[in-house]
Amino acid sequence: MMYEIDLAVIGGGPAGLMAANTAAEAGAKVLLLERDGHLGGQLVKQTHKFFGSEEQHASMRGNDISTMLGDRLGSFGERVTVWKSATVIGFYEDGVITIDHNGIYKKVKPMRVVVATGASEKFLSFPNNDLPGIYGAGAVQTMMNVYGIRPGQRVLMIGAGNIGLIVSYQLLQAGVSVAAIVEGLPHIGGYAVHASKVRRAGVPILTSHTIVRADGAESVESATIAEIDRGWNVIQRTMKTIACDVICISVGLTPLAELLWQAGCKMRYIPSLGGSVPLRNDCLETTVKGVFIAGDVSGIEEASAAMVEGRLAGLEAAASLGFKSERYCEERNDCMEQLAALRSGPTAEKIRSGLACAECR
Amino acid sequence: MGDRRITNHPILQFSEGEIIHFTFDGKPMEGREGDTIASALHANGVKVLGYHFMTKRPRGFYCAIGNCSSCLMIVNGKSNVRTCTAPLKSGMIVETQYDRGVPDDV
Amino acid sequence: MLINTGIATQELIKKLIPSPERRARGPYAMVECFQEIPCNPCSTSCPFGAILPMKDINDIPTIDLDRCTGCGICAGVCPGLAIFIIDESKGDGTATVTIPYEFRPLPEKGETVRAVNRQGNIIGDGVVTRILASKKTKTPLITVQIPAELVYEVRFLNLIDDKSNSEEPSSTYQSVVTDDLSSKVLDTVEIDDTAGTENDEDEIIICRCEGLTLGVIRDLIREGYTTVDEIKRISRAGMGPCQARTCGPLIASEIARMTGQPIAEIQPSAHRPPVKPLPIEFFLGGDSE
C-alpha cells in the first residue's frame, strides 16, 4: 500500500527534528523517518555545551537538546508519526520514497519532503588505512557516548577542526589518553577555545603535520607522522612513529546527498560546503519543487545552524501547503536573522562564500 | 584487557543494562542490553570482525553508524550482517566472516 | 600564536589583567575568549550586566569589571570553558583561580592538586578550597588556592595519581608534555624516512569493500578510465556494500590529480535506489498493512 502524507522529513537529527516540530506546529501532518533506533542523529553524541545564542539553545548540551526536541514532537499527538529504524532507500522522480522500516518494504508519497540526511565522514588515504582500530571521529563518539565503551587506550587524532578537537576532549573525559592531534593546515581549523581546552589538558596539537602510515599486525599498533610543507609534501627527516591503538580520522564531512541526486535535484560541487550540494532558493527549496533541504546535507555547518535551517524548511514546506499561521512572516524573518548572525563572523567566511554559489532563483 | 566500559563519566550516565550472553567464534562472551553486536565485541577487546574475501586483510568497523559496511559478520549463520547497527540479542552466535558470504537456505 | 598552538599568548593575557586597585578589591572574571565566534551565553547569563550585551553574536566579550562580582555564573555556562574567576584580594601571597573542570573523579575540598598551565605543564601545587557542581550546567567549578604569582598561569589541574583504590583510571591526561615537542615527549622513535613512498602509496586500500588499491586505480586512470563511473564498471570500485561512500571522493580526487581536471567537474558515480544492499526477498515482501 502507498501511504499519503503532507510532509515527510527524512532524518531525525537536529535539522529534521526542528523541521518536523515546526511543520507540525503549523498544522501539517508529518512523517519523520529516522534510520537509527532513536532520534537525535549526531546530537546524542554531543556532550559539550553548544555555542550560538539562547534561540539555538546555547549552553545546553547536544544530548539534552535532542531529548527536548524529541519530547516536543510527542506533544503533537496523531499529527506526527515517527518511524524509527527506517532507512529511506530510494527517492523516485514521481515523488515516491521507498523505505526499509525494520525490514519491511514501504512506499510513501508525501506532498512535500524535507531532506535532512546529514553527512558522512571523509576518509583519508595512507598505507594501512584499513587496519582495524582506525575509526572515523563519529564512530569514536558513538562508542564512547552512546554505548559507553572506550575505543582504546591511546588515540592519535587526525584533524584539528572542531570535531577533532571536541572528540579529543571527549576521549580525555572518558579516560582515554590522546597522544597528539595532527593537522595538515598550518593553523588550527576549529575554535581556539576548543583547542585551549585540550592543550591545557596536555595534548599536543601538531599543525603542518600529516599521517604517513599506520602499522600493526591485526590492528593498529603505531602511526607514523611527519611535518609537511605548504604543498603537502613530507619534509624529510621529520618522521616520527607514535605508539597508539586507535587512529581517529576527523578530516571533515561530506553531505549525504544521494537521495537528492536520485530525486533529480540540481547539484553543485562546492568545496567549502563539503562536496556536492543541492542548489536551493531562500525557502530552502531545491530545484525539484516540493523538495526542501536542511542541515548538513545542504552544506556542512554547525548543529546550531542546522536547527535553524530545519525550522525554516519546516515552516516553508508547511506554508507551501497552506499551513500558514499569522506568525509566519515573523518566524521566517527570525530564522533569516538567526542564520545571518550565525554566519556573520570571520569563522564563517567559507560558509558565506559557499552558500552564495549554491543559491538559485 | 581490562574493562573498556565507562562507569564514571562527567556528563553522561550509563545505566548498567542487563547482561546478554553470546558467543564469538565459539567463545562465550558477555554484552549489555543496548549494545550492538560490534559494540559488545569491542567491549570484549575484539577489533577484528572479519577478513577481506580477496586481500585477506583484517577488517573492523570504520563509521559505526551503518554507512561503511566494514563490519560485516556471520550472525546465527547469516552472512553480511551489519554488526555496528544490529542490536545484540541473547544467545547470538557471532562468527568472523572470511568471504563474500553465502545466501542462507542454500 | 593562539591559532597555531591553542595556547593564548602572554600579549593576549596581559590585555585582560585589571588595574591593581580592581585586583585588590575582590574576585573577577577573566574571559579568555579571543576569537570572533558565534556565541553569547556569557553576556546573556550575567545577572549584573557585567559582560556587555553584544551587538553581533560574533563579538568578543567585553567585561565591565566595576559590575563584575566574580560570581562565576558565566564560567559555568561558557561552552568554550574559557572563563576563569580570579581572586587576588587576600593579599597574603596566595590567590585563587576557579577552573571549569569536566572530568572525573572530582577532587575533594582540601585536597592538594597539581596546578597546570595553558601548555599542560605542572607548575606547582594548589589546594582545593571550593567545588561548585551545578546539575544544570554539569560543569563543576573548582576553586584552587595557589601562590599569587601563578594566578595568570594556572588554568587546569591534575589529581595526584595516588587514589588507586578506584578502578576507574583518572580521566585527566597525565601531563608530560613540554612546549617544545621533542621526540621523547611524544613517545616516538626516529625512523629511516628515506625509503620510497610511491610504492607504499600504491598499496593503499582505496575501495575497502572490493579490496582495490590506489595502484590499481592509478593504472586504470592511466589506461584512460577517467570518470568515477568508468572506473566503477571496470573494477567494481564503489559497487560493494558501502556503495562508494568511502571510496567515491578518494577516486574523484585521484582522477582530478592525475588528469588535471578541477575536482568540481568530476561527476560522482550515478546514484540509484536502493542506497544500501538489501536481499531480494525484502522487495518481494512489501508492506501488507
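Student: Let's start with chain A and chain C. How many residues does each bring to the contact?

Tutor: Chain A puts in 80 residues and chain C puts in 81. Keep in mind that this is a predicted model.

Student: And what area is buried between chain A and chain C?

Tutor: About 7,100 Å², with carbon and sulfur atoms giving 56% of that. On the chain A side, K49(A), R199(A) and R200(A) lose the most area to chain C, and together they make up 11% of what that side buries.

Student: How many salt bridges turn up across the interface of chain A and chain C?

Tutor: The rule finds five. One to look up is between the side chains of K276(C) and D100(A), at 3.1 Å from N to O.

Student: Which helix gives the most to the side of chain A that touches chain C?

Tutor: That's α5, residues 192-200 of chain A, which gives seven residues. Taking that whole side of chain A, the residues split into 40 nonpolar, 24 polar and 16 charged.

Student: How many residue pairs are in polar contact between chain A and chain C?

Tutor: There are 29, counting pairs with both residues at pLDDT 80 or more.

Student: OK, switching to chain C and chain B. What does that contact take from each?

Tutor: It takes 18 residues from chain C and 22 from chain B. The buried area there is about 1,600 Å², and carbon and sulfur atoms give 46% of it.

Student: Which residues form the salt bridge there?

Tutor: The rule finds one across this interface. E210(C) pairs with R100(B), and their closest N and O atoms are 3.1 Å apart. The side of chain C that touches chain B has seven nonpolar, two polar and nine charged residues.

Student: What about polar contacts between chain C and chain B, how many pairs?

Tutor: Eight residue pairs, again with both at pLDDT 80 or more.

Student: New topic: helix α8 of chain C. Which of its residues are buried?

Tutor: In α8(C), residues 228-235, the buried ones are V228(C), D229(C), I231(C), K232(C) and S235(C). They sit on the same side of the helix, because they cover an arc of only 165° around the axis.

Student: What do those buried residues pack against?

Tutor: Three elements of chain C: β10 (212-213), α7 (214-223) and α9 (248-259).

Student: And what happens just after α8(C)?

Tutor: R236(C) comes there, and R236(C) takes a positive phi of about 75°.

Note on methods
Residues numbered from 1 in each chain as written. Chains lettered and ligands numbered in written order. Predicted model: local features only at pLDDT ≥ 70, side-chain atom pairs only at ≥ 80, totals over all residues. Heavy atoms only, no water. Buried < 20%, exposed > 50% of the residue type's maximum accessible area, 1.4 Å probe, protein only. Helix = DSSP H or I, 4+ residues; strand = E, 2+ residues; numbered from the N terminus. Arc of directions from axis to C-beta. Contact = heavy atoms within 4.5 Å. Buried area = accessible area lost by both parts, 1.4 Å probe. Salt bridge = Lys/Arg side-chain N within 4 Å of Asp/Glu carboxyl O. Polar contact = N/O pair within 3.5 Å; in protein donor to acceptor, adjacent residues only side chain to side chain. Nonpolar A, V, L, I, M, F, W, Y, C, P; charged D, E, K, R; others polar.
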